Amino acid sequence: MKISKKVREILSYYEGENSGVKTNMARILSHGRTGGTGKLVILPVDQGLEHGPDASFAANPASYDPEYHYKLAVDSGCSAYASVYGFLAACSDSYAGSIPTILKVNSSNLINKGVPDQAVTGTVKDALQLGCSAIGFTVYPGSSQSYAMYEEIAAMSKEAKSHGLAVVIWSYPRGEGLSKAGETAVDVCAYAAHIAANLGANIIKVKPPTAHIELEKNQKALAGKDLSTLTKRIEHIVQACFNGRRVVVFSGGESKDKQGLLNEIKELRDGGANGSIIGRNTFQRPREEAIQLLSDIMDIYCEKK
């Protein structure tokens, strides 16, 4: 594996991490069509467990099959493939070494309507046995369960890193402490990204922010700061991630039209995002259309479009 100058620069930001963690980060940053550029396009498929198989896969019935997603990630040239234990284990032998994988080790489901929380559904040992390069974990800043989640990932992060695994944190604000608009408010998304960085995330995943400012104390703090465009708001999120010294990628969210999605990707790139972790907007489309869309997204991050 050849390590580019850009990847070496990114790895230099992670002082204190062991060689195993940096090697697995390098694998992810060096793989696929964006490999070596410092940009990532990751396929995440935890939605079957999170949102239900029908809501996730009925639009494209072939996607009920776990192998469909491995093949889509590999054939499209994604940087990595992230999923839950069942989906990864179903084809892990067949695709061993084909693409870096990320085991999502906690999950929720839509049947439970209680306080936003996630159950731990995978272990570091599972990730090692599956040949993963990283574990993934969701935290919900704003939920009354958030402190317990922070404690869980703090402990699991130390264990994972002791075995050389990188750590990806999905930091999704939601819960009793926030309004619905607040879940994607620019100040709250920046706060969530900063929390993930301080919890030890090597790669941070957040949602693209709106211009809404949720927290009263931030109305004054951000007065005069230009947050009028998505590009400017992404710059602010990157700034919150240790002034750009942590890798931060953005979710694709619910399905949207192709041109709208590509326009959003351009703004993410221009704001300094390290990439996208994009699931439903790809695997809910027919396979060839999904591969073309992923190709277009990768071209944008590689500045070919």
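Biologist: In which sense do E2 and strand E3 (residues 101-104) pair?
Modeller: Parallel, over three bridges. Strands are DSSP runs of E, at least two residues, and helices are runs of H or I, at least four. A pair needs at least two bridges. Ala82 stands opposite Ile102 in E3.

Biologist: What kind of model is this?
Modeller: It is predicted, with local features needing pLDDT of at least 70 and side-chain atom pairs 80 or more, while totals for chains, interfaces and linings use all residues. Numbering runs from 1 along each chain, and side-chain values use heavy atoms, without hydrogens or water.

Biologist: How many bridges join strand E1 (residues 40-45) to E2?
Modeller: Four, and the two strands run parallel. Ile42 stands opposite Ala80 in E2.

Biologist: Which way do the E2 side chains point?
Modeller: Ala80 and Ala82 go one way, Tyr81 and Ser83 the other.

Biologist: New topic. How much space lies in the largest pocket?
Modeller: About 1200 Å³. The lining has 44 residues. His51, Tyr140, Tyr172, Arg174 and Lys207 lie nearest the centre.

Biologist: Which helix gives the most to that lining?
Modeller: H3 (residues 47-51), with four residues.

Biologist: And the second largest pocket, how much space there?
Modeller: About 280 Å³. It has 15 lining residues, and those closest to its centre include Tyr150 and Tyr191. H9 gives the most, four residues.

Note on methods: On a 1 Å grid over the protein atoms alone, a cavity is a set of points where a 1.4 Å probe fits but cannot get out, and a pocket is an open set with protein on both sides within 12 Å along at least five of seven lines; lining residues have an atom within 4 Å of a point. Grid points are joined across faces, edges and corners, and a volume is the space filled by probe spheres set on the points. Buried means under 20% relative accessible area, exposed over 50%, partly exposed in between (1.4 Å probe, protein chains only).
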